[in-house]
Amino acid sequence: MSISQHADPTGTKAERPKPTVTLTPGLRLRTEVGVALHDLSQAGDARTVLDNLRGALAYTAAIGETAMIAKACEDVRLAISRLDAGLVTSACSSLTEALRALSPHQELAPML
């Protein structure tokens, strides 16, 4: 009987280190806010933007991140209400604030 090269001769199993994964809260919301700003700057369909923003807020709530990124969520809710009222420029302002809250270490170029 031969011993495999990879077998531990003492018979104990060595634990492999587990990778550390850290996720940034609000990643999906940040992505959707960026897409919404782009779409609105290109005269995209506001209904699609609204659906995507609402979906991103629902996803954020479902995975328990709302409290961690409350300011950004409030800005997105404000943008949604402004889009519903047809105030695209004001909505873009709110979305830019949300993006700033979700990306605190990056300088943002003004949108629209």
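A salt bridge is counted here when a side-chain nitrogen of Lys or Arg lies within 4 Å of a carboxyl oxygen of Asp or Glu, and a search of the whole structure finds five of them. The model is a predicted one, in which local features need pLDDT of at least 70 and side-chain atom pairs count only at pLDDT 80 or more, while totals for chains, interfaces and linings use all residues. Residues are numbered from 1 along each chain as its sequence is written, and side-chain values use heavy atoms, with hydrogens and water left out. Helices are DSSP runs (H or I, at least four residues) numbered from the N terminus.

**Helix α1**

- Helix α1 covers residues 27-41, and its 15 residues reach 21 Å from the first C-alpha to the last, close to the 21 Å expected at 1.5 Å a residue, where the expected span is 1.5 Å times one less than the number of residues.
- The residues L29, E32, V33, A36, L37 and L40 of α1 are buried, a term that stands for under 20% relative accessible area, with exposed meaning over 50% and partly exposed in between (1.4 Å probe, protein chains only).
- Seen down the axis of α1, these buried residues fall within an arc of 140 degrees, so they line one face of the helix; the arc is taken from the directions from the helix axis to the C-beta atoms.
- The buried residues of α1 pack against α2 (46-62), α3 (70-84) and α4 (88-102), with contact meaning heavy atoms within 4.5 Å.
- After α1 comes A43, whose phi is positive, near 60 degrees.

**Helix α2**

- The end C-alpha atoms of α2 are 24 Å apart, which agrees with the 24 Å that its 17 residues should span at 1.5 Å a residue.
- In α2 the buried residues are V49, L50, L53, A56, L57 and T60, and they cover an arc of only 130 degrees around the axis, which puts them on the same side of α2.
- R47, D51 and A62 are exposed on the other side of α2, whereas the buried residues of this helix pack against α1, α3 and α4.
- Just after α2, G64 takes a positive phi of about 80 degrees.

- An α-helix has 3.6 residues a turn, so residues three or four places apart point the same way.
- In helix α3, D75 and K71 are four residues apart and thus separated by about one helical turn, and they form a salt bridge in which the closest N and O atoms are 2.9 Å apart.
- R77 and E74, three residues apart in helix α3, are likewise separated by about one helical turn, and their salt bridge has its closest N and O atoms 3.4 Å apart.
- Both partners of that pair are partly exposed, R77 with a relative accessible area of 39% and E74 with 46%.
- Helix α4 holds R100 and E97, three residues apart, about one turn of the helix, and their side chains meet in a salt bridge at 2.6 Å, N to O.
- R100 is partly exposed at a relative accessible area of 39%, and E97 is partly exposed at 34%.

**Surroundings of D75**

- D75, which lies in helix α3, counts as buried at 8% relative accessibility.
- Not counting residues up to four places away in sequence, D75 touches S94, E97 and A98.

Methods
Helix = DSSP H or I, 4+ residues; strand = E, 2+ residues; numbered from the N terminus.
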